[in-house]
Amino acid sequence: MRLDEVSREFGITCSGGKRARSDATCVVIHQTGGATARGAASYLSTRPDGSVHIIVDDTEAYLTAPISRIACGVKDVNAWTVHIEQAGPFSWRISDWKKHWRTVRRCAWHTARYLVILNEPRRSLSIADLNRGQRHGWTTHRNLTYSTASSSTHVDPVRYAYPLFKLYLRKFYRRFEKNGVPPLKKVA
Ligand SMILES: [Zn+2]
């Protein structure tokens, strides 16, 4: 798939219902622990306790829920968050993520797209930022877990190529700000 192509083959079971788009102010990035986006999308589609908006890997993206629908990406932090899962075993080191730069790039592309759509800053929220109540930008499941915002125990991504992600995020965010946000093309 091209970056702007997504599959709608799978949906979600777990949801907190509908919300106004403007309620979503922060993109949260995750790591599935599994090998493929398709495997995670299929698995999560029937889970009563977990769901996200987008799942990506090197070659594919699955849009499982619109941002107007609250997902179950982090135990108790879903009302103001948009969740993006990246396929990748938890054993991966930073060097593995660099080999899978296409997954990192696809995740950054969708993160940038959502931030520009939502008119939110390209700002990384640290644990301290989250503890201060800051909710505008992007962060990780890991940071939410270590912050006072959540009682989640999941820590993902485990090890991650943050500089590479930030490089792509800057590039795509600037492009979308300047040229507008590209529409998603649905593929089978
Ligand atoms: Zn997670």
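**View 1. Helix H3 meets helix H6.** Helix H3 (residues 101-117) packs against helix H6 (residues 162-179) at an angle of about 40°, and their axes are 8 Å apart. Axes here are lines fitted to C-alpha atoms, for helices over the stretch in contact, with angles running from 0 to 180 degrees between N-to-C directions. The two helices are therefore oblique to each other, since angles under 35 degrees count as roughly parallel, over 145 as roughly antiparallel, 65 to 115 as roughly perpendicular and the rest as oblique. On the H3 side, the contact includes Trp-101, Cys-107, Ala-108 and Thr-111, and on the H6 side Leu-164, Tyr-168, Phe-172 and Phe-176 are among the residues involved. Two residues are in contact if their C-beta atoms, placed from the backbone, lie within 7 Å. Helices (H or I, at least four residues) and strands (E, at least two) are DSSP runs, numbered from the N terminus.

This is a predicted model: local features need pLDDT of at least 70, side-chain atom pairs count only at pLDDT 80 or more, and totals for chains, interfaces and linings use all residues. Residues are numbered from 1 along each chain as its sequence is written.

**View 2. The largest nonpolar core.** Take a look inside: this core has 50 residues, and those with the most contacts within it are Val-27, Ala-37, Ile-54, Ile-55, Tyr-62 and Ala-108. A nonpolar core is a set of buried Ala, Val, Leu, Ile, Met, Phe, Trp, Tyr and Cys residues joined through C-beta atoms within 7 Å. H3 gives the most to this core, with seven residues. Leaving aside neighbours within four places in sequence, Ile-55 is in contact with Ala-37, Ala-40, Ala-41, Tyr-62, Thr-64 and Glu-85.

**View 3. Ile-29 in strand S3.** Ile-29 lies in strand S3 and counts as buried, with 29 C-beta neighbours inside 10 Å. A residue is buried if 20 or more other C-beta atoms lie within 10 Å of its own, exposed if 12 or fewer, and partly exposed in between. Not counting residues up to four places away in sequence, Ile-29 touches Ile-84, Gln-86, Cys-107, Thr-111, Trp-138, Thr-140 and Pro-157.

View 4. Asn-119 lies in the loop between H3 and helix H4 (127-131). Although not a glycine, Asn-119 has a positive phi of about 60°. Asn-119 counts as exposed, with 10 C-beta neighbours inside 10 Å.
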